[in-house]
Amino acid sequence: KGVLNAWRVGQRRAVAGRLCNVMQGSGPRGFTATLYFDQQTGYLVRLIRFGRSPVGNVFTQVDYSDYRDVGGIKFPFQQQFSWLDGRYTAKFTDVKMNVPVADSTFAAP
């Protein structure tokens, strides 16, 4: 809500065989983001964002899947990132909430 404004509702689209509600918002300096929400679960399944760069608009797509309950919050255990020249998939095996982290973890090397 704080990053994007001028929200618009788009036509429903299918993503990975699931019908999705589509929302698009605009931000500063030509930034736009399109969000795809699974119509049945309400989960975010895809984010496509465009941002300006010296070489033109740069495209990034993130697909979210394998949602599981983590401390009462649904978290996507698989996230696939696609951009102009590559693709990366992050698969989480364990996610914990509010785990204490020692201050020394953030100390300069």
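1. A residue is called buried when its relative accessible area is under 20%, exposed when that area is over 50%, and partly exposed in between, using a 1.4 Å probe and protein chains only. By this rule, 28% of the 109 residues of the protein chain count as buried. The structure is a predicted model, in which local features need pLDDT of at least 70 and side-chain atom pairs count only at pLDDT 80 or more, whereas totals for chains, interfaces and linings use all residues. Residues are numbered from 1 along each chain as its sequence is written, and side-chain values use heavy atoms, with hydrogens and water left out.

2. On the overall fold, the protein chain contains 0 helices and 7 strands, where helices (H or I, at least four residues) and strands (E, at least two) are DSSP runs numbered from the N terminus. Read from the N terminus on, the order of elements is β-β-β-β-β-β-β.

3. On overall dimensions, the protein chain has a radius of gyration of 17 Å, while a compact globule of 109 residues would have one near 13 Å; the radius is taken over C-alpha atoms, and the globule rule is 2.2 Å times the number of residues to the power 0.38. Along the principal axes, the C-alpha atoms fill a box of roughly 45 × 40 × 30 Å. Gly10, which is placed in strand β1 (residues 5-15), and Pro109 are 99 residues apart in sequence, and their C-alpha atoms are 48 Å apart in space.

4. Contact here means heavy atoms within 4.5 Å. Among the contacts in the protein chain with a separation of 6 or more, 11% are between residues 24 or more positions apart.

5. A nonpolar core is a set of buried Ala, Val, Leu, Ile, Met, Phe, Trp, Tyr and Cys residues joined through side-chain atoms within 4.5 Å. The largest such core has 7 residues in all, namely Leu4, Ala33, Leu35, Leu44, Leu47, Val62 and Tyr64, and the elements that give two or more residues to this core are β3 (32-38), β4 (44-53) and β5 (56-70). A second, separate core of 6 residues includes Val22, Tyr36, Val45 and Ile48. As background, nonpolar side chains in soluble globular proteins tend to be buried together.

6. Leu44 touches Leu35, Tyr36, Phe37, Tyr64 and Tyr67, not counting residues up to four places away in sequence. Ile48 lies in strand β4 and is buried, with a relative accessible area of 13%. With the residues up to four places away in sequence again left out, Ile48 touches Thr32, Ala33, Thr34, Tyr36, Phe59, Thr60 and Gln61. The C-alpha atoms of Ile48 and Ala33 are separated by 5.6 Å, although these residues are 15 apart along the chain.

7. Most residues other than glycine have a negative phi. Asp66, however, is not a glycine and has a positive phi of about 55°; Asp66 lies in strand β5 and counts as partly exposed because its relative accessible area is 37%. Asn98, also not a glycine, has a positive phi of about 55°; Asn98 lies in the segment after β7 (86-91) and counts as exposed because its relative accessibility is 77%.
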